[in-house]
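Please look over the sequence and the 3D structure shown here.

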Amino acid sequence: MIQTKTCINVYSDMNTWIDFCIVIDAYEDFAKAEEIVQKAYNDWWELPDTQFEPIADYISRCLTENEIEFEIYFKEAEEVD
């Protein structure tokens, strides 16, 4: 089987550990999810209490609170020869 899904890549130039994709299960939820992820990403950098929680956990919580179904995939380190 093949299934097409839509994803949001969350990353940071300032912190290379932040690099993961959020796959949104329902296409009709994508615009809402994108808005929630962008706000959560900005809030995580700006609000003092959010930085005690990993950014992926914080964004996941924000999506769950808004009843968005999703999966998260983390980027593995690239090996350089």
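What follows is a short account of a predicted model, grouped by topic.

**Aromatic pairs**

- The structure contains three aromatic pairs.
- One of them joins F20 and F74, whose rings are 5.5 Å apart centre to centre. The planes of these two rings make an angle of 45 degrees, and the pair is classed as tilted.
- F20 belongs to strand 2 (residues 19–24) and F74 to strand 3 (residues 70–74), so this pair ties together parts that lie 54 residues apart in sequence.
- F20 has a relative accessibility of 2% and counts as buried, because the cut-off for buried is under 20%.
- F74, in contrast, is exposed, with a relative accessible area of 56%; the cut-off for exposed is over 50%.
- W44 and W45 form another aromatic pair, with 5.1 Å between the ring centres. Their planes are 85 degrees apart, so the pair is edge-to-face, a class that needs an angle over 60 degrees.
- W44 is buried, at 11% relative accessible area, whereas W45 is partly exposed, at 27%.
- Y41, W44 and W45 together make up one aromatic cluster.

**A residue in helix 1**

- D43 is located in helix 1, which covers residues 30–46.
- Is D43 buried or exposed? D43 has a relative accessible area of 15%, so this residue counts as buried.
- Leaving aside residues up to four places away in sequence, D43 touches T50 and Y58.

**The largest pocket**

- The volume of the largest pocket is about 240 Å³.
- Eleven residues line the largest pocket, and those closest to its centre are T16, W17, D19, K75 and E76.
- Sorted by class, the lining of the largest pocket has five charged, four nonpolar and two polar residues.

**The second largest pocket**

- The second largest pocket has a volume of about 170 Å³.
- Which residues line the second largest pocket? The lining is formed by I8, N9, V10, Y11, E34, V37, Q38 and Y41.
- Strand 1 (6–11) supplies at least two residues of this lining, and so does helix 1.
- The classes in the lining of the second largest pocket are five nonpolar, two polar and one charged.

Methods: Residues numbered from 1 in each chain as written. Predicted model: local features only at pLDDT ≥ 70, side-chain atom pairs only at ≥ 80, totals over all residues. Heavy atoms only, no water. Phe/Tyr/Trp six-rings, centres within 6.5 Å; stacked < 30°, edge-to-face > 60°. Helix = DSSP H or I, 4+ residues; strand = E, 2+ residues; numbered from the N terminus. Buried < 20%, exposed > 50% of the residue type's maximum accessible area, 1.4 Å probe, protein only. Contact = heavy atoms within 4.5 Å. 1 Å grid on protein atoms, 1.4 Å probe; cavity = no way out; pocket = protein on both sides within 12 Å on 5 of 7 lines; lining within 4 Å. Points joined across faces, edges and corners; volume = space filled by probe spheres on them. Nonpolar A, V, L, I, M, F, W, Y, C, P; charged D, E, K, R; others polar.
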